[in-house]
Amino acid sequence: MQKPDYMIMVCNSYRVAGDAQGFCNKQGATSFVQMISEGCGDRGIDALVTTTACLSVCSQGPIVVIQPNNYWYGGVTEDRLEEILDALENDEAVEEYLIAK
């Protein structure tokens, strides 16, 4: 297997004990995986898109993390995802949506 250029992780609100925290999911994060996968395919971005357990920044959710760039995006919406993927196509960040530097 050849590793992808990027790993894109979408918070899925689940804690270690298996209890759903719910914030990111209630804000639509569950639909992001398919949208991101399709958006990457449309742009020719080589990425593995997956969900993750709670990233513990619920107050800033929904959260999407892009590695290896270590971009942590908060308050992600469908419209913002388009901007994020457009920027990623050029290996850049959308600075105004980053929650950590």
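This is a predicted model: local features need pLDDT of at least 70, side-chain atom pairs count only at pLDDT 80 or more; totals for chains, interfaces and linings use all residues.
Trainee: How many salt bridges does the structure hold?

Mentor: To spot one, look for a side-chain nitrogen of Lys or Arg within 4 Å of a carboxyl oxygen of Asp or Glu. Here, the structure has two of them.

Trainee: Okay, which residue forms a salt bridge with Glu 82?

Mentor: That's Arg 43, and the closest N and O atoms of the pair are 2.7 Å apart. Now check where each partner sits: Arg 43 belongs to helix H2 (residues 32-43) and Glu 82 to helix H3 (residues 78-88), so this pair ties together parts 39 residues apart in sequence.

Trainee: And what about Asp 86, which residue does it form a salt bridge with?

Mentor: Arg 43 again, with the closest N and O atoms 2.9 Å apart. This pair also links distant parts of the chain, with Asp 86 in helix H3 and Arg 43 in helix H2, 43 residues apart.

Trainee: Is Arg 43 buried or exposed?

Mentor: For that, compare the relative accessibility with the cut-off: under 20% means buried. Arg 43 comes in at 17%, so Arg 43 counts as buried.

Trainee: And how do Glu 82 and Asp 86 count?

Mentor: Glu 82 has 38% relative accessibility, which makes Glu 82 partly exposed. Asp 86, with a relative accessible area of 39%, is partly exposed too.

How values were computed: Residues are numbered from 1 along each chain as its sequence is written. Side-chain values use heavy atoms; hydrogens and water are left out. Helices (H or I, at least four residues) and strands (E, at least two) are DSSP runs, numbered from the N terminus. Buried means under 20% relative accessible area, exposed over 50%, partly exposed in between (1.4 Å probe, protein chains only).
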